[in-house]
Amino acid sequence: MRTALDERMDATMAALTGAGGMLALGTVERDGRAYPLIAAAPPSLPYYFAHYCAEHADKTFLVAGEERLTFAQTYAAALRVARALAGTHGIGKGDRVGIAMRNSPSWIVLYMGIVIAGGVATLLNGWWQAEELAAAVAEVECALVFADPPRAKRLAGIAAPVVTIEDMLPLDTALAALSGDDAVALPAVAATDHATILFTSGSTGQSKGALADHRGVVQGIFNYLAQALMMLGLAAQDGNAPTEQPSTLLTLPLFHVTAEIPVMLQSFAMGRKLVLMPKWDAGEAMRLIERERISYFVGVPLMSFEILTHPDRARHDLSTVTDFAAGGAARPVEHVRRIDAEMGGANGGGAPLIGYGLTETNAVGTGNWRSNYIAKPDSAGRPSAPLVDLAILDDAGAAVTQGERGEVCIRSICNFIGYWNRPEATAACMTADGFFRTGDIGYLDPDGYLFIVDRKKDIIIRGGENISCQEVEAALYTHPAVAEAAVFGLADERFGEVPGAVVQPRDGATLDEAGLQAFLGEHIAAFKVPARIWVSQAALPRLGTEKIDKVALRNTYRALAMA
């Protein structure tokens, strides 16, 4: 049954996106199909940055420690970087430029400068080890890579030139070597030009580079902006219109799509202050929320739960936060209820919110808001208006009957173009009529709310970080004493789930858990290393197809882990 909040949200969104509305819709053709788009959105990121950095010029944009930068200062620095890239480094339209750094003002300015110069901002996972970084750089043939000192060490020996950035210095000092000539011409960047590559771990092992064009990224931003304006409109109707500059913490790594689009990029249009946290710490987050009067919190579910359960929470004023949002993984139902009861509106603080989206959809998908989230705490919510078309499809691409389970599929102009140089993988994840197959299994209830119940992909989601079981298995098989290996998810109270593994040693060989974990730590990122590894002297069970029976193994070892 539709709620009063559903009705109000729909009416407010209709006013925003209808004829004469601030975000009125138009249409655009892609691959022979017409898609809705928000007509007021700039065609590409360079125009987006120029417009909103001028509109909010003197407002504080970035806060990092004691450094504070306005929108105008940030944009001026990005223009200098763009001219240095075009004039000194020879970066042109379509060239891939990598960023392998922790969150910092430099990271954000480099991202802006790359796309303003016409390059493709290639976001490298800062937690990767040397082999993973080298593989990704080679995969997309980066022309240049920017790295902070720890990542620069890991990148030693790769073919692409690496520029080391002392990222936590004051911005002008950190980017002093990237000062371009004002006379350098910058290209006109079109909606269909390549904009970004983010890496995604699916069921096929090595991370793939998901390529998006400027229109997809900008429309993704504006789809989120429509949601934000809808909620602001509802607040104004209730007499609760905000009186301060909106602000948020940057708690997530910028190489992930949630931090990139709904957090960092959306902040330009909203004139929102972005307070950077180089490393997550719940106590520090509460201190910053109070000091900076943070109005919106977003992180993986673990983060808001650590604030909720922190022994010092009562010592901090968190009442400025209107929403405690989460993405990357589902929240346990009990967490949703506790956040509402202990930090929600009745206590002068923020209400819980959940979002569901993917790298390949530029983060757009579904959202579950406030009282509706309390009513359906195990739902990912309704499709995000106004651009998302969501369907539950069978293996043949046909829609299943409402309420039946199938693969969650998303279609919008925000969707990515495809995986870099992997046409087969791209074709495999798309239906003939343009839906992206997410690999998640779910159903829609009669009110149109999405419930995700399983995964088609062989992946683990650890605290919002996707891990390919096949990739970890491949790393285990490089150990000379491993004969067979299987990797699967184990339930974990803190991270939701963590990797587990069972291995069979080769005849006469000896293996132990600590030794295997140390071996893996040299080859794959620490978050991918299994938390538990069992050594089995018996051969691993197999199905009739001779494949390892991972379902049986997962059930057996999950029970052992809980014993």
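1. Helices (H or I, at least four residues) and strands (E, at least two) are DSSP runs, numbered from the N terminus.

2. The model is predicted: local features need pLDDT of at least 70 and side-chain atom pairs pLDDT 80 or more, while totals for chains, interfaces and linings use all residues. Residues are numbered from 1 along each chain as its sequence is written, and side-chain values use heavy atoms, without hydrogens and water.

3. In helix H10 (residues 282–292), Ala282, Ala285, Met286, Leu288, Ile289 and Glu292 are buried (under 20% relative accessible area, 1.4 Å probe, protein chains only). Seen down the axis of H10, these residues fall within an arc of 165 degrees, so they line one face of the helix; the arc is that of the directions from the helix axis to the C-beta atoms. They pack against several elements, including strand S3 (60–64), strand S4 (67–70) and helix H11 (301–308).

4. At the start of H10, a side-chain oxygen of aspartate 281 lies within 3.2 Å of the backbone nitrogen of glycine 283.

5. Threonine 70 belongs to strand S4 and is buried, with a relative accessible area of 18%. Beyond its neighbours within four places in sequence, threonine 70 is in contact with Ala57, Asp58, Lys59, Thr60 and Phe61 (contact: heavy atoms within 4.5 Å).

How values were computed
Buried means under 20% relative accessible area, exposed over 50%, partly exposed in between (1.4 Å probe, protein chains only). A polar contact is a pair of N or O atoms within 3.5 Å; within protein, one must be able to donate a hydrogen and the other to accept it, and residues adjacent in sequence count only if both atoms are side-chain atoms.
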